[in-house]
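Please look at the sequence and the model before reading on.

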Amino acid sequence: MTKARIWTKDFLLNALVNFLVYLVYFLLMIIIAGYAVDNLQASLSEAGLAVGLFIVGALFARFFGGKSVELVGRQKMLYIGLTVYLIATLLYFQSTNLHFLFVVRFLHGLGFGLATVATGTIVANIIPGARRGEGISYYAMSSTLASAFGPFLGIYLNQQVSFNAILGICILLVVICYIAAFLLKVPEAALTAAQLEDMKRFTLSNFIEFKALPISAIGAILGLCYSGIVGFIASYTREINLIEAGSFFFIVYSAAILISRPLTGRWFDLKGEGFVLYPSFVLFAIGLAILSLARQDFILLLSGMFIGLGFGTFLSSGQAVAIKSSPDHRMGLATSTFFAITDIGVGLGPFFLGLLVPFFGFRGLYMSMAGVALLAMGLYYLLCGKKAQSEKRFISCSP
């Protein structure tokens, strides 16, 4: 028998769209706080809010888009998301005051959320069923690669060209997304009348998987810690005169994820969730502590490696715990619940952490977040770990 193909034209086009959408997100995420402070006279807390409102917009889109994508149509939802994404990118040119920037950031996140809900749904339906886990694992590499090159590109371009020139590059990338989306052949869902009626119901259980809430709450706490990195790493490296090394921080972070993920996934299957998750909390805390002490390039990049091993491992393993905790027919909802609530921590974190920087400084902030990560490990033990240990759960996960 011929092995069902994963690397089809439609798979590659969809992965390209996802990569470019995430690339624009990370590119602007890393520089927007500095832009708000330098050009719009924002405080650090207000600059953090400008960073986080993007995630809040994406959160709204994921809750409502995940429910509506089959009703609207997958390809149509992708076009809608890309259109909102493009309009928001154009509106940055008019962001001459802070409040308008807040609106643009929320709108930009909305477009991002709708587009990525569409690409995620499309890929699940163009991969052969027999190789779906493997295919989605490959597809997830598109966002991981974007998380490496986006911040690097953002920091580099911010040193070389104007903010408006960076916006021009982002617009070009979104236009390429449009072209790729036009060339996509997307299978649409054939829903029965009963399925349509059920999907139209407006109930809380159609938006949230309650059994996934414990691990999701822990994800929100770690997301809060991580938000201090995405929101302020550019400002921090400028303050400590490690700008060049800072541009490579997320490349090291992503490389650590890419190298470790196959190993941690296998250990998760063989040894159980606690064997992987407890070290992930410790590694994340170590990475934050090293970041707070960085005075040389090597130390800064070493912190990126530990943070990738810690937070990156938690994200894939936390998703597996959320899925295992929920009924099989609600696995998709469990996944969206986990990432949406984790995004709340990432999205709102820069605003609250920005309030602390004047009192603690960046070094004190990162050291404090290391302590919070260790507290989250204790919370995991109380909410999930004890139960997992008593049940001796062994979860199979395709990161």
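Accessible areas come from the Shrake-Rupley method with a 1.4 Å probe, and for residues only the protein chains shown count as cover.

Leu183 belongs to helix α6, residues 163–183. Its relative accessibility is 46%, so Leu183 counts as partly exposed (buried is under 20%, exposed over 50%, and partly exposed in between, with a 1.4 Å probe and protein chains only). An α-helix has 3.6 residues a turn, so residues three or four places apart point the same way.

## How the model was read

This is a predicted model, in which local features need pLDDT of at least 70 and side-chain atom pairs count only at pLDDT 80 or more, while totals for chains, interfaces and linings use all residues. Residues are numbered from 1 along each chain as its sequence is written, and side-chain values use heavy atoms, leaving out hydrogens and water.

## The whole chain

The chain has 13 helices and 0 strands. Helices (H or I, at least four residues) and strands (E, at least two) are DSSP runs, numbered from the N terminus. Of its 399 residues, 55% count as buried. The accessible surface is about 17,000 Å², and 68% of that belongs to carbon and sulfur atoms.

## Helix α8

Helix α8 covers residues 213–239, which is 27 residues. From first C-alpha to last, α8 reaches 38 Å, close to the expected 39 Å (1.5 Å times one less than the number of residues). At Phe232, α8 bends by about 65°, the angle between axes fitted to the seven residues ending there and the seven starting there.

Because 19 of its 27 residues are buried, α8 is largely enclosed by the rest of the structure. Just after α8, Asn241 has a positive phi of about 60°.

## A buried histidine

His108 sits in helix α4, residues 98–126. Its relative accessible area is 0%, so His108 is buried. Leaving out residues up to four places away in sequence, His108 touches Val24, Leu28, Phe54, Tyr85, Ala88, Thr89 and Tyr92, where contact means heavy atoms within 4.5 Å.
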